[in-house]
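Subject: Structure handover

Hello,

Here is the structure I promised to pass on. My notes follow it, arranged by region.

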Amino acid sequence: MQFAIWYSRLVNHHAIMATEMPPLFVPLINWDEQHHQIHAGLVMIMRHFVDLPDAVLAREAEYAIASMYVAGFLGPIPDALLTETATRKLQPFTTTMQREFKTVMHQALDSETLSQMMALLSPTHVRLLYFSHLGFRPMPDVVRAKRRFPIQTQIILTVVAKLAVALGIPEQALLNVLFEEYLTAMIQTVATKKLLPKIKVIVDMNNLPSLEALIVSRLEQTPLVNIVVSHEAVPQADFYISDIEIAGLKNATPFIWSHYPDENEFNKFLEKATDLTVHRMTATD
């Protein structure tokens with residue numbers, strides 16, 4: 001679709017003007033060999049269907065490369081390609097996340113994780129600052145996110161509030177643009193075991209060992225809570241899952257499942273585990 005729009009615009013001689021170019025990239029002469037080849041390839045393609053001056057084709061190729069980065073097709077823009085001004089303009093996203101994560105979590109976000117997160121968010125940040133961020137965006141379901149990812153959501157809301165001031169963008173508009181991307185990036189990069197307190201769960205299916213394996217697999221794959229599974233009684237266990245009631249685990253909240261839990265049953269467990277997670281996080285503040 002993007003190529004069709006680009007093609008239609010050019011054949012009708014609606015070329016990007018120099019004043020419309022986002023000031024992202026260093027001069028073409030300073031580009032690396034790989035990006036020179038991409039740029040030259042795009043110019044060659046355009047010469048097959050339009051007859052425009054070389055300067056216009058060069059500008060269109062640069063704009064196309066910027067658009068591909070913004071669309072997420074090429075990953076994060078390499079630092080060597082960005083002007084000093086662009087690098088400086090993008091820096092608040094990194095520093096704000098680093099600072100506010102530590103404020104909420106009382107621990108630093110390690111540099112490797114921060115770098116991975118910013119790489120995933122690079123297209124979003126460039127799109128916000130250098131391309132239009134207005135237009136229709138679905139409202140993020142923050143209430144639902146708070147129930148399922150309470151800690152992550154709190155970090156994101158804090159970061160967005162600070163960025164709104166730093167960037168001079170209304171907070172709600174910024175939240176609409178950033179929230180879902182930030183939530184996805186945080187789930188992908190920040191390990192649950194680092195972010196959340198441990199929730200101890202005993203899983204002991206006396207009569208259904210195959211079911212036990214399936215349930216453990218599902219528990220270990222959820223990013224919502226930091227579950228530590230044990231197959232034996234452990235001190236201060238928070239929950240136990242079994243096909244029968246276990247008299248010796250009176251302090252652990254029971255979930256008696258004699259079959260593979262459906263979404264409603266599993267969500268009831270997650271709600272309890274999430275509530276306990278939030279309680280423990282709040283208690284450490």
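In these notes, a residue is called buried when its relative accessible area is under 20% and exposed when that area is over 50%. The model is a predicted one.

Helix 4

By that cut-off, the buried residues of helix 4 are Ala86, Leu90, Phe93, Thr96, Met97, Glu100, Phe101, Val104 and Met105. An α-helix has 3.6 residues a turn, so residues three or four places apart point the same way.

Helix 4 runs over residues 84-105, and its 22 residues should span 32 Å at 1.5 Å a residue. The C-alpha atoms at its ends are 32 Å apart, which agrees with that expectation. The helix does have a kink of about 35°, located at Leu90, shortly before the proline Pro92. Leu90 is also one of the buried residues of helix 4.

Just after helix 4 comes His106, with a positive phi of about 60°. His106 belongs to the loop between helix 4 and helix 5. With a relative accessible area of 53%, His106 is exposed.

What helix 4 packs against

One partner is helix 5, residues 111-130. The two helices pack at an angle of about 130°, and their axes are 10 Å apart. Because of that angle, helix 4 counts as oblique to helix 5. The helix 4 side of the contact consists of Thr85, Ala86, Lys89, Leu90, Phe93, Thr94, Met97 and Gln98. From helix 5, the contact takes in Leu114, Met117, Met118, His125, Val126, Leu128, Leu129 and Tyr130. The crossing of this pair is right-handed.

Another partner is helix 7, residues 150-167. Here the packing angle is about 135° and the axes are 9 Å apart. Helix 4 is therefore oblique to helix 7. Helix 4 contributes Pro92, Phe93, Thr96, Met97, Arg99, Glu100, Phe101, Val104 and Met105 to this contact. Helix 7 contributes Ile151, Gln154, Ile155, Thr158, Val159, Lys162, Leu163 and Leu167. The crossing of helix 4 and helix 7 is right-handed.

Helix 8

Helix 8 (residues 171-189) has a kink of about 45°, centred on Leu178. Its buried residues are Leu174, Leu175, Asn176, Val177, Leu178, Phe179, Tyr182, Leu183, Ala185, Met186 and Thr189. Which helices cover them? The cover includes helix 4, helix 5, helix 6 (142-148) and helix 7.

The crossing of helix 5 and helix 8 is right-handed.

Single residues

His13 also has a positive phi of about 60°, although it is not a glycine. His13 sits in the loop between helix 1 (2-11) and helix 2 (33-47). Its relative accessible area is 54%, so His13 is exposed.

Ala166 is a residue of helix 7. Is Ala166 buried or exposed? Its relative accessibility is 53%, so Ala166 counts as exposed. Ala166 and Ile16 are 150 residues apart in sequence, and their C-alpha atoms are 30 Å apart in space.

Val225 lies in the loop between helix 10 (209-221) and strand 2 (226-230). At 2% relative accessibility, Val225 counts as buried. Leaving aside residues up to four places away in sequence, Val225 touches Thr192, Leu196, Leu270, Ala273, Thr274 and Thr277. Val225 and Lys272 are 47 residues apart in sequence and 10 Å apart in space, C-alpha to C-alpha.

Regards

Methods: Residues are numbered from 1 along each chain as its sequence is written. This is a predicted model: local features need pLDDT of at least 70, side-chain atom pairs count only at pLDDT 80 or more; totals for chains, interfaces and linings use all residues. Side-chain values use heavy atoms; hydrogens and water are left out. Helices (H or I, at least four residues) and strands (E, at least two) are DSSP runs, numbered from the N terminus. The expected span of a helix is 1.5 Å times one less than its number of residues. The bend at a residue is the angle between axes fitted to the seven residues ending there and the seven starting there. Buried means under 20% relative accessible area, exposed over 50%, partly exposed in between (1.4 Å probe, protein chains only). Axes are lines fitted to C-alpha atoms, for helices over the stretch in contact, and angles run from 0 to 180 degrees between N-to-C directions. Angles under 35 degrees count as roughly parallel, over 145 as roughly antiparallel, 65 to 115 as roughly perpendicular and the rest as oblique. A crossing is left-handed if the near helix is turned anticlockwise from the far one by less than a right angle, and right-handed if clockwise. Contact means heavy atoms within 4.5 Å.
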